[in-house]
Every structure is written in structure tokens, then in C-alpha cells.
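Please look over the sequence and the model shown below before turning to the notes that accompany them.

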Amino acid sequence: MSDSNTLLEARSIGKAFLGNVALDSVDFTLEQGEIHALLGENGAGKSTLIKILTGVYSRDRGTIYLGGVEVSPANVAEAQTLGIGTVYQEVNLLENLTVAENLFLGRQPRRLGLIDRPKMRRRSKALLARYGLDIDVDALLSSYSVAVRQIVAIARAVDLSGKVLVLDEPTASLDAHEVEMLFSVLRKLREDGLGIIIITHFLNQVYAVADRVTVLRNGRLVGTRKLAELPQLELISMMLGRELQHITRDHQSQDETVKDAAEATIRFEGYGRRGSVAPFDLDIRPGEVVGIAGLLGSGRTETAFLLFGIDRADSGTAIIDREKITLSSPEAAIAAGFGFCPEERKTDGIIGDFSVADNIALAIQARQGWARPISSREKRTIAENFIKSLDIRPADPERPIKFLSGGNQQKAILARWLATEPRLLILDEPTRGIDIGAHAEILKMIERLCAQGMSLVVISSELEELTAVAHRVIVLSDRRHIAELAGDQVTADNIMQAIAASAHTEAA
Amino acid sequence: MIHTRNLPFVATLGIFVIAYALCVLQFPNMLSTRVIGNLLTDNAFLGIAAVGMTFVILSGGIDLSIGSVIAFTSVFVAVMVGTLGVHPLTAFVAVLVISTLFGSLMGAMIRYLGIPPFVVTLAGMFLARGAAYLISTESVPISHPFIDTIQGFYYRFPGGGRLTALAMLMLLVFIIGTLIAGRTRFGANVYAIGGNQQSAELMGVSVGSTTVGIYALSGFLSGLAGIAYTLYTSSGYSLATVGVELDAIAAVVIGGTLLTGGVGLVAGTFVGILIQGLIQTYIVFDGTLSSWWTKIVIGFLLFVFIVLQRAIIWYSNRKLAEGRLKGV
């Protein structure tokens, strides 16, 4: 495919980190004068692909062509010289410098070896004027809004590179007006013939600004499509489901009746937090698995944070066994019998240099209070029990947990909470980044736990996983709980329909 | 309009002017070129070292080796000139090369081995001090016609004050330092790294060579400060200038440079040095106060400035939040 319009072409790009495959033979093409959206859940490989294209990571396999010539940018500076500029979501510019200093860092105009500040000021003014921005370029960048900073970053990237512009979640912290301002800048750049790659998780924004979309899932390419010919439901299914017909529900329906009869012992009424999740009602019965579905950014993790007291709710009540309780901190939630396995296992879950036994004992120790330390023999016994029952490998409680595979780390975190015998366990993306075998084991474990009467809240972007384990599924969109599916309604199809329906009303 | 980031500098300048005015009210004699000339000469070596420290702190680092490098330099020069009879200029050049290389080596370890600056320069501090002892544990006097010439060179102010060669050297270092920080790409990179190293790297700043350059500059200026100290005391002594790095850090912080890096001015450090000198002069004039009062006042001022910096960060964060509402 050597279209004369093709600006950037990546062929069968592969990348693995410590044996974990992040990108598996992904193809990607960007045309001149095109805005190309790159979509996928967390861990789908979007960032890895972008970082390979912009020289942050080196690729293991594959080739990149820019304007028909093979390139291998070794670092950001080289990618910039080649013509590929990037604007990152948060860490893009330096807030302690002025606007002009940011625009010209590393390429300041000089006279007699010294920086020519008047000239830098003039050129900055002229540069920003092209984006319709008339601001004091000698003011600190930190004195401007995120939207202005974003445009300054784009102006710098385009001025530096001029062929390909990569935007990583540019709209994440902008309001509607600012987003429109940004989009008009992007459309103008498209007319100038730039190729623009935009990563975002707002579907309506994808439709508003992009020409084509490439969807990644679990490090693989799902497909590249023209947005004008792609119904939203199909896009959602590209992101979340594999193929609709494959989805089967292997759930025993006999326990539905049991669950309906049982009284909900944990109830959340009108529970919410401004700017995080709109107030919702949630009843959880003993032995029930409640699934939480939604696209990235829909409020999935925020819901978990509320339930576990990491974020404090500013409305509604939490009721356990007919008694009102306040979940003001994770400590309070643990005292109430809750447990939480976070999404970011590496940063929020494990303490890498601690041994497996220490990691497992953390929650139970926290519950006991630090004044009564658990003896190392006790710790070892607990750890050995769980290593056996959950089949954690290698079966060495003293090994630092960072040397375990993702699946075994996840099991150790599960063990940490199981040791506290919780009544409610919240699992955020329990199977992310772990191999197929461990994946199945963890799902089996979820079923076994709820058979023992434990309640679970499972958050997942894998719809098959949710429909396989959950008795009920709450669907989230745009930080609101928009639908609740129970019993036979719990199918991937229904979940996607619910998400698509809400996205349509939003756009209208 | 005063930038928020220059507020600490303005505050320092204000404090200095007010403090000086109060001193003059009590001791009118303090308002003389003689006092000013002495103040500059007495603090010349500290000022030179503090310029290097300013760059290090602006980049978000720290250099604890300064005092030891000064001691090493003074002993090295004294032994070379006084004992071995080498021409002072040759000794100066040699010692500047050594101290610059020493600084670059520390910078390279910080950058390429990923060791925190505190640890690397702490090791450097012991190393340089040990090397000084190795050369001589005695105080080595130094006398050479060339050195006498330098020591005898001065510009006479009206009113009898003397601007000595040492004071001139310090002023020159401050002027060049200001230019490097404010008007060169290297200087801009130092601020960028201090602001956010990761962002700076993503924006194409060569963090490696800049980091090595920063510590090389600090090493060079420590060497130069050592030479100034040798000329000031006419001797080299390996036990001298213990803790001078801390005085330099104090001058930098009092001068309004954020310890977290990215914000500050070389000129601020100059005012920081002047404030320290002013306190010492006041104590001399008073005659009854113990010289430890210098440390107490410096300690107090440091507290005040750290709190002030916190307040400014808090204030600018709040403005940041408001800035979002401001829009375009």
C-alpha cells in the first residue's frame, strides 16, 4: 500500500516489556491532512505505540516509514527533527518558565552568543497569533488555563516538527468550550496538510473531529476504519467485545432466585461525589457478584474509590446491616469489612521489594492496628496457606513480590484481602496484564468466593469476563450509572447498547 | 509588574535594605564605602562558591562538596607555590582543571548512575577533604611576589573604602553567572531541568550534558573560591572552610531560590551574601554580641524564607486554579 498520500506508516510493530507483550504486530498508517483517532482501553497498547513512533521506546520488531523513507527515531529530539511532534496530557511544558521560553526552549534566537529576548518575544507573539492567541508571552505558563497551555504546546510541537502531530488525551481536563477551541486549531492544522494522531476516550469527540479511527485491544490491532462509515455501536464493540456471536452466558440461572430472595446487606443510597460520579443507588447481596461496565473515563474506577472510601462521598449514605456507616477513609472501609484490589497493581497494589508474605499480611496488619504486630511465624503460616490455596508460584513466601509474574502478584493481592475475611471485595480490572491461564483461575476464584457468601464488585473492560461472572451489571457512561442489567439481560450486547444509547443522547 | 516567581528576590532585597537602614540608624559609621568594601572582600570566596551553588539548586540538586573543595584547593595551591615553588598562575590553572573535572565526574555519576546528588556530593565532600589532609595537615603559609601584587591591587572608593581584587573577582563571577543563567541556552536548560526534568527531557533538553555542566561549573567555581580563599588568608589549611557549603546554600535560599529548583536568580544569591555579611558587620560594630549570633540570625532568616516560599507556592497554586476559570 504505497498511497502517495500516506505520511506515516508503521508495519507489524512489536514490543514486549520483561516478557509481557505490549504490542503484537500492529499496523498503523497516517495520511497527510488527516485526523486519526487512536482508541483502546488502558493497557491496550496506545501509549506504547505512540511512544515507539515518537522515539521514547525502541521497538522490538517492525518498520516505520515517514514519507516513504524508513526511520528509527532513537529519542524524542530525533523524532522532532524528523517531523514527529508530541503533546502529552500532563507533562508537556514547563510551568516555571514563561510562554516564550517554553516555545523556544532549546532553540532560542541568539545574538553574540546570548539569547535575544526581544526577538524571542516577537517570534512567540507571531507564532501564537496564527492560532488566534493573543497573550502576554512573558508571563509564566502557569498563569494560563490548561487550554491555553495545550495550544502553546501544540504551537511548539508543530513549529518544531511540522509533519506529524501526536496528541495524548488532549481534552482530558478541558471544558466543552475549550475542547471546541482546540478542535478548531486541529482542523486548521489538518487543512495545512499535517497528519494528526489523537488519543482520547471520548467517543463523541472522536466523531466530532477525527476522520479515521484505529482501535487497539490487548496489544493487538482490532481495525482501522473510516468514521463516516462506522456506526457507534460497532465502534464500541470493537473496543470492548471480541465478536458479538461468541458471547455466551454460562451462568447458572438457578442462583438468581436465591439472590433476589436474599436481602441486600450492603446498600448505597444516592451515593456520589461532585466531579467524580453522579449519585447512584447500589444494593449488594451476600454471595452476589456485581459487575461494573463502561468505557474508559466513564467513572468505573471513581465508583470503586467511592465505595472504598478513597474519595469521600459528598452525598448519600452507606448502610451495612441496616446501620448507617461513614466511609471516610480506606481504613474505615477495611473496618467495615471491605477490600479493594486496585487497577494499577504495580503502583497502587504491591510493594515490590516486600516479600510475598509481607504483602499478604499488609491488610490484616492494618486492620489489627500497628500496635499489635503480627509475628513473622504467623505471617508465614497465613502466607503458606494462601500460596497453597491460590496456587501462587513460586511457592516461596520470602521472595520479593516484584519477581513474581503479573498473575501471581494479583493472586497475592487477592490473598491479602481474603486474609481479612472481607464481606465485600472490590476488584478493579482483576485480570489486566496477566496471562490466559491465570485469567481463568482468577475468574474461577471469583465464583468460588461468592459461593462462600462473599460479595464482590468487579470492574472490567472485558465484557466477556463481566458477563461470565456477574449476576448483575451496572453500566456507566459519562460518570453516571445509566443502566442496571440483571439475570438473562446480562449480555455483552445489552451492555454495549446501553453505552451507545447514552452516547447518542449526549450528542443530541 | 513583579512576577510571582521573583517575589522572594524582591522580599530579600527589601529585607536587606531595611536591615541596612536599621544598622545605619544605630551605627551611622556603617554607611561607609570602607564597610562595604570590607564586606565584599570578606565574603568574596563564599560569594563565588554560592554562584555555583545557585546553578546546582536551580536544577533541583545540591552540592555538599564545596567547602572541602575550597580547602583542598587552598592546600594544593599553598603547597605547590609555597613548598614546591611553582608559579601561582600555573598552580591556579592546575587546581581549576582538577576541581572542574571533579565536579564533572560527580555530575556524570548523578546523571548516568542515577545516584541522588546528595549522596554523590557527600562522597565528594569526604573525598576532597581527605585529599586535602593527604597533601598536608599543617597550615601552609604562602608568599610569592605575584600573590603580593594581587593582594595589593585595589580600587579606592571615595571615602577610603577599597574594592580589592578579590571583591572584583566575586562581582565579575556574579555578573557572568547572571548572564549564563538568564541569557544562555545552558541557563535556560538549568531552569527547565529544575522545573521538571521529565518534561525538559521530552522537550528535547539534553539533560545529561546539562547536568554534567552544572556540577562542572560548581566544581570550577569552588576551585576559584578556593583560590580566593588562599589569597584572602595567604595560606592553605586542610581544616579550613568546614561547612561553607551550608553557608552557600543559606545564601542561595535566602536569595529567593526555591530549594525544589526551577525558580530563582543569581542576583538573589548576591543579596543573600550581602545579608550574611551585614549581620557579621553588625556584630563587629556592636562588639558585645557573640559571633554565634550570625548563625542564629541566619537560621531564623532561613526559616522565614522557607515559609515564605511555601506561601508563594500555595498562592500560585491557588492562582493556577483561578487561571482555569479565567480562560482566554
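What follows is a briefing on the overall build, the backbone and the nonpolar core.

This is a predicted model, in which local features need pLDDT of at least 70, side-chain atom pairs count only at pLDDT 80 or more, and totals for chains, interfaces and linings use all residues. Residues are numbered from 1 along each chain as its sequence is written, while chains are lettered from A and ligands numbered from 1 in the order in which they are written.

**Overall build of chain A**

- Chain A is divided into domain 1 (6-96 + 140-244) and domain 2 (289-451 + 475-496 + 503-507), with bounds that come from an automatic or database domain assignment, and the centres of these two domains, taken over C-alpha atoms, are separated by 32 Å.
- The secondary structure of chain A comprises 18 helices and 22 strands, where helices (H or I, at least four residues) and strands (E, at least two) are DSSP runs numbered from the N terminus.
- Chain A is as compact as a globular protein of its length, because its radius of gyration of 25 Å is close to the 23 Å that the globule rule gives for 508 residues; the radius is taken over C-alpha atoms, and the rule is 2.2 Å times the number of residues to the power 0.38.
- Of the 508 residues in chain A, 47% are buried, a residue being buried if 20 or more other C-beta atoms, placed from the backbone, lie within 10 Å of its own, exposed if 12 or fewer do, and partly exposed in between.

**Backbone with positive phi**

- Ser25(A) has a positive phi of about 50° although it is not a glycine; Ser25(A) is placed in strand 2 (residues 20-31) of chain A and is partly exposed, with 14 other C-beta atoms within 10 Å.
- Glu169(A), which is not a glycine, also has a positive phi of about 50°, and its place is in the loop between strand 9 (164-168) and helix 6 (176-191) of chain A.

**The largest nonpolar core**

- In the largest nonpolar core, which has 249 residues, Ile48(B), Ala49(B) and Ala228(B) touch the most other members; such a core is a set of buried Ala, Val, Leu, Ile, Met, Phe, Trp, Tyr and Cys residues joined through C-beta atoms within 7 Å.
- The largest share of this core, 13 residues, comes from helix 11 (residues 207-233) of chain B, and the core also draws at least three residues from each of domain 1 and domain 2 of chain A.
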